[in-house]
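Here are my notes on the model, as numbered points. Please read them beside the coordinates.

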Amino acid sequence: QRPIVRLLSCPGTVAKDLRRDEQPSGSVETGFEDKIPKRRFSEMQNERREQAQRTVLIHCPEKISENKFLKYLSQFGPINNHFFYESFGLYAVVEFCQKESIGSLQNGTHTPSTAMETAIPFRSRFFNLKLKNQTSERSRVRSSNQLPRSNKQLFELLCYAESLNTLLKEFQLTEENTKLRYLTCSLIEDMAAAYFPDCIVRPFGSSVNTFGKLGCDLDMFLDLDETRNLSAHKISGNFLMEFQVKNVPSERIATQKILSVLGECLDHFGPGCVGVQKILNARCPLVRFSHQASGFQCDLTTNNRIALTSSELLYIYGALDSRVRALVFSVRCWARAHSLTSSIPGAWITNFSLTMMVIFFLQRRSPPILPTLDSLKTLADAEDKCVIEGNNCTFVRDLSRIKPSQNTETLELLLKEFFEYFGNFAFDKNSINIRQGREQNKPDSSPLYIQNPFETSLNISKNVSQSQLQKFVDLARESAWILQQEDTDRPSISSNRPWGLVSLLLPSAPNRKSFTKKKSNKFAIETVKNLLESLKGNRTENFTKTSGK
Ligand code: GTP
Ligand code: MG
């Protein structure tokens, strides 16, 4: 059973988000409110990391007086904001104004002991609140009015919505969910800091690239660059301090050793870390675990700067035009609905590859909606220069220096054209290359070749089999056909027949022909309900959703 996490109260944030909602639309042509902050990725990451360091996670009793709770915590220092959510129980995320407050709170708590078990006294920022006075007057914390939509409501929304933005709005990560992701990384960083005091645990992937859907996994990596660079900063004084370090034969072995120890540490001492698996022989070694309180499935790697840079590039593409994220969400949901993508690694297309395909397609429009990576490199200044492990990862980081697109095509048209474009793409001959924004001859015989934008000799979709690619092509053609029919035969709202994205999410057309119209409607509603349920789930059955804006 998936736990459903609901945001129960967040007065401060509600006000903040409403203000954001009131901002004028970012794109007049598409009519979509562009909520993406136009901040640099690094600024956003640093700010959120700093916020997370001032934040604690508290497991609360089921019934609690919000006012008394806040009053109690305020004695340790002023609170900047807080929210409650439900996972396996009720939790509070409390952000203090100052980091020092956390020390006071920790000093005022004790390690519980029971007759049957012994607690390992690990000092963390994850607390358990037990109320002494069980008889005092308590109530459920105030529920936010903005509860997640039921599947039925969502189905109706998708059926009759005039725009493809609905999926994006319903499934994108909320402010609270994002905060919880940064907090989880920060809690893991505390553990890793026991071994590497200057380490940083950074989130990357869909948690930060603005393409994440509620329930997506939490990719994080241990950044030891600060530790590595320390000696570089210290060469100016009279003392030359040289650390004695152990040497191992390769970077890969170093990574495996570090992750092995961290995996053990999370398993034995990590509050709320369960199901720890050390997957050290993978191409990219990792430790996978569930963070129970947040409900996130976490993948911890190390030395993954290029992946962080890929996330930054996607963040920039997502922020450049309001149609990008809506189109990526639609394509991701479409692919998930047709089992083109899966939570299990295998020969299928990944969300990362699909996102690259959408970016490439948008670079190919006339006029282009997105610039090529090479042109982003041309716009870069000295500050943007970046070489990681010999790979040139330079591109402009300042969003205001990139000219907006002149293209005014609607999202609906773009989705149809996306299916047509890839339904007819010469995958047997050509590769997809977002650096140059044009097809190139495939350098090898992989069925699908998408050039890794930074490690340019690699194919990010090397895993995709011919049959999975064929399935993608067949479904793309069918979807293009369905959307074409709708152009000529769009059912009226009163006909109660699914259209648009909903019709694309249903099983393929031949299956539908065998149903009478009445049966088909009932079937469609059931299928879409199940589908929406599955879209909400993440890679494992751990489902986290904080709602409320
Ligand atoms: P979700 O499916 O929502 O988790 O999307 P995601 O973008 O987070 O993908 P995933 O968790 O599979 O991978 C996390 C990040 O690792 C991606 O965003 C990429 O930056 C990077 N990544 C994943 N797969 C590849 C790959 O095959 N090659 C390279 N170079 N990077 C990859
Ligand atoms: Mg991910």
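Is E175 buried or exposed? E175 is buried, because its relative accessible area is 16%; buried means under 20% relative accessible area, exposed over 50%, and partly exposed in between (1.4 Å probe, protein chains only).

1. Ground rules. This is a predicted model, in which local features need pLDDT of at least 70 and side-chain atom pairs count only at pLDDT 80 or more, while totals for chains, interfaces and linings use all residues. Residues are numbered from 1 along each chain as its sequence is written, chains are lettered from A and ligands numbered from 1 in the order in which they are written, and side-chain values use heavy atoms, with hydrogens and water left out.

2. Overall make-up. The protein chain has 549 residues, and 52% of them are buried. It contains 18 helices and 14 strands; helices (H or I, at least four residues) and strands (E, at least two) are DSSP runs, numbered from the N terminus. Of the contacts in the protein chain with a separation of 6 or more, 69% are between residues 24 or more positions apart. Contact means heavy atoms within 4.5 Å.

3. E175 and its partners. E175 forms a salt bridge with R48, at 3.0 Å from N to O. A salt bridge is a side-chain nitrogen of Lys or Arg within 4 Å of a carboxyl oxygen of Asp or Glu. K179 is buried, at 9%.

4. Other charges. The structure holds 19 salt bridges. One network links R202, D223, D225 and R305. E50 pairs with R54 at 2.9 Å; E50 is partly exposed at 37%, whereas R54 is buried at 10%.

5. R40 deserves a look. R40 lies in the loop between α1 (11-21) and α2. It is buried but has no salt bridge, and the nearest side chain of opposite charge, E383, is 4.0 Å away. For charge, Lys and Arg count as positive and Asp and Glu as negative; His and the chain ends are not counted. Beyond four places in sequence, R40 contacts Y315, E383, D384, R397 and D398.

6. Metal site. D217 (OD) and D219 (OD) coordinate the magnesium ion (ligand 2) at 2.1 Å. Donors are N, O and S atoms within 2.8 Å of the metal (3.2 Å for Na, K and Ca); water is not among the atoms, so sites may look incomplete. D217 and D219 are both buried.

7. Nonpolar cores. The largest has 76 residues, with W334, M357, F422, F427 and F472 making the most contacts inside it. Helix α10 gives the most to this core, 10 residues. Apart from it lies another core, of 33 residues, including F83 and L222. A nonpolar core is a set of buried Ala, Val, Leu, Ile, Met, Phe, Trp, Tyr and Cys residues joined through side-chain atoms within 4.5 Å.

8. Aromatic pairs. There are 24 in the whole structure. Rings of Phe, Tyr and Trp (its six-membered ring) pair if their centres lie within 6.5 Å; planes under 30 degrees apart count as stacked, over 60 as edge-to-face and the rest as tilted. F83 and Y85 are tilted, with centres 6.3 Å apart and planes at 40°.
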